[in-house]
Amino acid sequence: MFKASLQSTWTVFTAAILFLFSLPAFSCTRTPLEERLLAVYKDKPQMLQGFYCGTKLRFDADAKLRDGGQPGSWTVCGDVHIEDIEIKNDEVRIKAQRVYLYYDPRKISFQDVELLVPQKEKNNKTRQQNRQLEIHIARPVGADEAAIQSSLDKLFRPADKDFSDIAPDYWKPYLQGRKIGKRPETIQKEEQLPLLKPIAGSGDSSANKKITVPHVISSPNPDFSQEAREYRFQGTVLVKLLIDSEGKPANIWIIRPLGLGLDEKAVEAIKKWKFVPEKDSNAKPVESHAEVEVNFRLY
């Protein structure tokens with residue numbers, strides 16, 4: 001009887017411990033300050049400045065990364081939905097969910113990739129866990145509400161605001177075009193550049209100008225981003241680039257994006273491509289601009 005009672009007590013104790021460990025790290029009750037901060041940030045899409053990847057990020061009071069992540073693609077490490085904010089003596093803790101973005105050519109905008117997920121797969125726990133993010137920001141003891149707000153404003157900006165000032169250079173033409181309402185197709189049409197196929201060739205000659213256009217002689221396949229594989233997402237990125245007189249790619253710009261970190265993978269791949277440069281009427285190699293498509297296919 002005593003042994004059975006002891007086993008029962010141990011079972012209850014173990015269950016209680018497991019329950020405590022399963023509770024969320026954030027408190028269920030909030031202070032008035034936490035409520036005011038949540039009113040500003042919760043359920044309002046925010047962009048994490050610096051586009052830091054990782055599941056747990058630590059920043060100092062000036063929003064400079066101290067530990068836990070590294071810069072990545074803004075389409076997977078930029079946008080977040082803030083779910084909770086908790087203030088401790090020495091830090092502000094933020095619980096958030098990352099938003100993975102893909103480019104929808106019909107809406108001419110980036111959308112949450114979860115919109116593409118079939119209803120029966122909406123509650124995939126692995127994907128939900130991969131998108132979870134916890135942020136810790138150092139807070140000097142005694143810092144007032146204005147100081148905390150200042151730290152958060154350095155870390156986030158509204159997701160619908162222009163961010164071309166902090167984006168990599170290869171994104172700027174697209175983002176600046178979006179800012180003034182230009183579609184990718186419009187930008188492409190205005191450029192009127194030759195579209196080079198990623199295959200070896202002998203080049204075409206112009207009978208009138210006797211100029212040989214550039215062509216691709218080596219085009220290693222791009223890598224897939226982890227997020228694109230996770231969502232089985234594929235497509236084509238269109239980029240513009242400068243091909244120098246030695247056949248090396250330079251000044252790469254994204255014209256028609258894809259999202260989910262694939263645009264950066266396209267840029268990385270093109271940097272490894274090799275070209276035969278354009279030649280003038282004297283058969284002298286010269287630099288020129290062109291467009292190339294980078295295809296991402298899951299087999």
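**Aromatic pairs, disulfide and local confidence**

F233 counts as buried, at 10% relative accessibility, where buried denotes under 20% relative accessible area, exposed over 50% and partly exposed the range in between, computed with a 1.4 Å probe on protein chains only. The model is a predicted one, in which local features require a pLDDT of at least 70 and side-chain atom pairs count only at pLDDT 80 or more, whereas totals for chains, interfaces and linings use all residues. Residues are numbered from 1 along each chain as its sequence is written, and side-chain values use heavy atoms, with hydrogens and water left out. The term pLDDT refers to the predictor's confidence in each residue, from 0 to 100.

A pair of aromatic rings is described by the distance of the centres and the angle of the planes. Rings of Phe, Tyr and Trp (for Trp, the six-membered ring) were paired if their centres lie within 6.5 Å; planes under 30 degrees apart count as stacked, those over 60 as edge-to-face and the rest as tilted. By this rule, 15 aromatic pairs were found. One of them joins Y102 and F233 edge-to-face, with 5.8 Å from centre to centre and 65 degrees between the planes. Because Y102 belongs to strand 8 (residues 101-104) and F233 to the loop between helix 8 (226-230) and strand 14 (235-243), this pair ties together parts that are 131 residues apart in sequence. Helices (H or I, at least four residues) and strands (E, at least two) are DSSP runs numbered from the N terminus. Y102 is buried, at 7% relative accessibility.

F110 and Y174 also form an edge-to-face pair, with 6.1 Å centre to centre and 85 degrees between the planes. This pair links distant parts of the chain, F110 in strand 9 (residues 109-112) and Y174 in helix 6, 64 residues apart. In helix 6 (residues 172-179), the residues K172, Y174, L175 and G177 are buried. Helix 6 is followed by G181, which has a positive phi near 85 degrees.

A search of the whole structure for disulfides (cysteine sulfur atoms within 2.5 Å) returned one. C53 and C77 form this link, with their sulfur atoms 1.9 Å apart; the link is right-handed, with 100 degrees about the S-S bond. C53 is partly exposed, with a relative accessible area of 23%, whereas C77 is buried, at 3%.

Charges over rings were also identified (NZ of Lys or CZ of Arg within 6 Å of the ring centre and within 35 degrees of the ring normal). The charged end of R131 sits over the ring of Y100, 5.3 Å from its centre, and that of K240 sits over the ring of W253, 4.9 Å from its centre. Leaving aside neighbours within four places in sequence, R131 is among the residues in contact (heavy atoms within 4.5 Å) with Q97, together with D79, V80, H81, E83, Q128 and Q132. Q97 is found in strand 7 (residues 91-98) and is buried, with a relative accessible area of 17%.

The protein chain has a mean pLDDT of 84, and 83% of its residues reach 70 or more. Over residues 1-24 the pLDDT is below 50, and this stretch has zero contacts in the model beyond near neighbours in sequence. Over residues 199-209 the pLDDT is below 50, and this stretch has 15 contacts beyond near neighbours in sequence.
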